[in-house]
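Let us walk through this structure one element at a time. Keep the sequence and the 3D view side by side.

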Amino acid sequence: MYIFRNAVKNIGRNKSRNILIAVIIFVIILATSVSIIINTTSKEIIDVYKTQFGSELYINLDYEKLKKDRTGFEGITVDQYIAFGESDLLKSKEYKAFVYVGSDGWIAIDENSGNDIINSGNSEDYLPLKAKVEGSTRSDINDDFKSGVRKIVHGKMYENIDECIVSEEFAELNNLSVGDKIKITSNLKKNPMTHELTISGIFEDNTEVVNDHQNLSTYENGSNDIFASFETVINLQLYDSAGSLDAEYVLKDPAFLENYKAELKEKGLSDFYIVSTDEASYNKIVKPVQGIAKIINVFLIVVLILGSVILVLLSTLAIRERKYEIGVLRAMGMKKRKVALGLLSEMLIITGICLIAGLGIGTSISQPVADIMIKNQIETVNDSNDNTNGISIINESESGGAEPLNELKISLNIEAVSQIIVVSLLLAVISSLTGILYITKFEPMKILSERN
Amino acid sequence: MSILTLKNISYHYSGSKKRVLKNISMEFEPGKVYVIMGKSGAGKSTILSLVSGLDVCTEGKIEYAGTDMKSIDRDQYRSKNIGVIFQGYNLLTNATALENIVLSMNISGSKEKDKKKYAYDLLERVGIDKETADRKVLKLSGGEQQRIGIARAISHNPDIIIADEPTGNLDNDTEKNIMEILCALAHKENKCVIAVTHSKDVSKYADEVWGLNSGSMVFVK
Ligand SMILES: Nc1ncnc2c1ncn2[C@@H]1O[C@H](COP(=O)(O)OP(=O)(O)OP(=O)(O)O)[C@@H](O)[C@H]1O
Ligand SMILES: [Mg+2]
């Protein structure tokens with residue numbers, strides 16, 4: 001205990017030297033604190049985005065492979081899609097079934113523009129496809145309905161099998177109202193597989209038309225979309241012959257990807273499909289943050305190395321002063337390890353004070369520092385996007401409208417604090433190292449006689 | 001019964017061939033004041049550093065209470081069994097006189113309850129008042145520092161007190177006072193006091209006077 005008390009007194013006894021050491025340690029701890037706080041915060045953010053974006057799964061056809069040799073190619077059946085969804089590795093799964101249909105007794109918007117001819121083929125055998133019937137497992141149908149770009153204005157959502165909703169424009173064009181029936185067909189004149197759907201609701205469609213109508217088939221016009229329940233669509237006879245299915249799987253953790261791939265293979269997914277996650281979106285959002293983390297890490301390493309070198313130099317110079325003191329203590333019979341403990345205690349106390357100050361100030365300046373850095377990072381990421389692609393609009397839509405992170409909310413967590421404490425402890429050890437080495441190596445007689 | 005026995009000791013500093021001490025044999029007993037005299041460079045400080053356990057002899061052996069010094073814990077020996085008044089004082093110059101004494105007591109593991117009071121009293125005995133005791137050693141005169149060194153050497157109540165020129169910087173009155181304290185320690189408290197000096201006056205207080213001459217010890221009186 002007296003060693004500790006003596007250490008406290010000793011700090012005051014050698015004020016100028018200790019203030020110098022304290023200032024250096026403080027600067028290192030401050031820089032370290034800012035770095036570690038920003039680093040752990042960005043790591044947290046990256047983790048959040050990883051689970052959000054990195055885990056959305058895509059099963060796409062490998063067109064390269066298909067072009068080379070398509071023997072043995074089999075598509076994915078509805079049953080398989082459903083089977084793929086039955087996995088413990090998935091957080092959620094949504095399906096969207098759709099089929100392009102011909103008309104029996106109604107016309108599609110823009111039908112007169114003649115665009116439907118493209119799909120009519122040999123008009124002797126085929127009927128033109130005019131609209132898309134879509135059924136989703138999502139309770140809010142799709143993002144347009146979720147965001148309110150499309151919303152039901154008459155009647156209600158489909159509830160039962162063979163109920164559907166159509167757009168206002170489509171209803172007006174065909175003079176349809178809630179409760180009316182429309183007939184959909186296949187594109188085969190000989191086997192139209194005509195099916196009747198009851199209109200349960202009419203929706204307003206405010207989706208923006210990306211391209212002008214000239215290049216659109218009528219079934220590509222969103223206002224011709226007919227929405228029904230997933231069950232309705234997959235039970236259609238015409239879905240069996242011409243339907244498609246989109247599946248959206250979300251993994252519980254992006255790390256499960258490889259396991260899930262293996263599971264899919266077991267369930268019979270052919271080699272012609274590529275399973276991947278939504279990296280584009282993820283990269284766009286996370287890149288600025290990762291950029292910061294990288295810069296911060298380099299900065300941290302430089303600060304720590306430079307700081308340690310300065311501390312070692314400083315304590316080597318200080319040892320000249322301390323030699324005599326150590327010699328006296330040793331001559332008085334103080335054990336080597338106690339003298340060393342005294343030196344270490346002094347540095348620990350100084351470092352402790354610096355730690356509190358550095359951590360406090362570090363926490364408060366981390367936010368502005370992070371703000372400036374993320375602003376610069378977004379600029380560089382945007383610049384590089386522009387330079388390499390030149391078509392940033394397409395990038396935007398590819399990433400599903402995901403906004404890059406433009407704010408880094410700094411928070412101090414236990415991980416960061418413990419890292420900073422470890423660094424501080426190391427600094428204390430480094431600064432007392434020369435002294436301790438000196439104590440263990442030399443005998444008091446020598447230390448004293450060197451002075452006299 | 002001797003407390004300290006020198007058996008045929010010789011010593012040379014590492015890196016120097018010259019033997020400073022040559023084949024010295026001697027016995028020190030408790031309750032006596034020994035004075036070692038000799039010319040400058042005779043090896044007086046050297047023999048004291050061996051006796052005080054700061055260094056070990058290159059030949060022969062020194063026994064403390066019958067045990068070879070080489071095999072005892074010399075840190076503990078220095079902190080508990082022996083008190084040294086160094087020629088160059090060797091005080092912590094940035095600390096106060098009082099702090100020096102208290103620290104020495106702490107190192108020895110002294111059981112004294114009020115160490116501060118004990119230290120003040122001790123300093124009083126060697127003529128250092130409270131005000132001086134609270135000043136940094138750096139700001140004290142050579143004589144004051146020497147007296148603090150004496151107080152420190154006896155602060156932990158050792159069996160042996162070693163003094164290298166204990167009165168070198170003191171006026172006659174203070175010298176007399178210090179020597180009386182040392183004599184009292186030997187004669188009343190049964191300590192073994194070994195002092196090195198140039199001064200004939202100091203040798204008056206000795207029970208035994210020895211001369212160190214070109215590395216050999218000769219009995220004078
Ligand atoms: N560390 C050392 N290394 C080498 N030689 C030394 C060392 N210290 C002392 N000496 C030499 O050993 C001899 C004895 O020195 P010592 O200090 O014991 O003399 P002393 O009798 O105490 O003299 P003084 O009365 O001046 O204090 C001297 O010749 C000195 O030069
Ligand atoms: Mg000497």
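Which residue in β2(B) is the bridge partner of B:Leu6? The partner is B:Met26. Strands here are DSSP runs (E, at least two residues) and helices likewise (H or I, at least four), numbered from the N terminus. Two strands pair if DSSP finds at least two bridges between them.

First, the ground rules. This is a predicted model, in which local features need pLDDT of at least 70 and side-chain atom pairs count only at pLDDT 80 or more, while totals for chains, interfaces and linings use all residues. Residues are numbered from 1 along each chain as its sequence is written, chains are lettered from A and ligands numbered from 1 in the order in which they are written, and side-chain values use heavy atoms, leaving out hydrogens and water.

Start with the open sheet of chain B. Four strands form it, in the order β2-β1-β4-β5, with antiparallel pairing. The edges are held by β2 (19-28) and β5 (67-68) of chain B; each has a single partner strand, so one side of each has no neighbour in the sheet. Between β1 (residues 4-12) and β2 of chain B there are six bridges, and the two run antiparallel. Helix α1 (residues 44-51) of chain B packs on this sheet and touches β1, β2 and β4 (59-64) of chain B. Contact means heavy atoms within 4.5 Å. The direction of α1(B) makes about 125° with that of β1(B); axes are lines fitted to C-alpha atoms, for helices over the stretch in contact, and angles run from 0 to 180 degrees between N-to-C directions.

How many of the eight residues of α1(B) are buried? Seven are, among them B:Ile47, B:Leu48 and B:Leu50. Buried means under 20% relative accessible area, exposed over 50%, and partly exposed in between (1.4 Å probe, protein chains only). After α1(B) comes B:Gly53, with a positive phi near 75°.

B:Asn23 lies in strand β2 of chain B. Its phi is positive, about 50°, although B:Asn23 is not a glycine. B:Asn23 is partly exposed, at 49% relative accessibility. B:Gly66 sits in the loop between β4 and β5 of chain B and is exposed, at 56% relative accessible area.

Now turn to β8 (192-197) of chain B. Six of its six residues are buried, so β8(B) is largely enclosed by the rest of the structure. B:Cys192, B:Ile194 and B:Val196 point one way, and B:Val193, B:Ala195 and B:Thr197 point the other. Strand β3 (residues 33-38) of chain B pairs with β8(B) in the parallel sense over five bridges; there B:Met37 is partnered by B:Thr197. Strand β7 (residues 160-164) of chain B also pairs with β8(B) in the parallel sense, over five bridges. Here B:Ile162 stands opposite B:Ile194.

What does its side chain reach at 3.2 Å? The backbone oxygen of B:Pro158.

Technical notes
A polar contact is a pair of N or O atoms within 3.5 Å; within protein, one must be able to donate a hydrogen and the other to accept it, and residues adjacent in sequence count only if both atoms are side-chain atoms.
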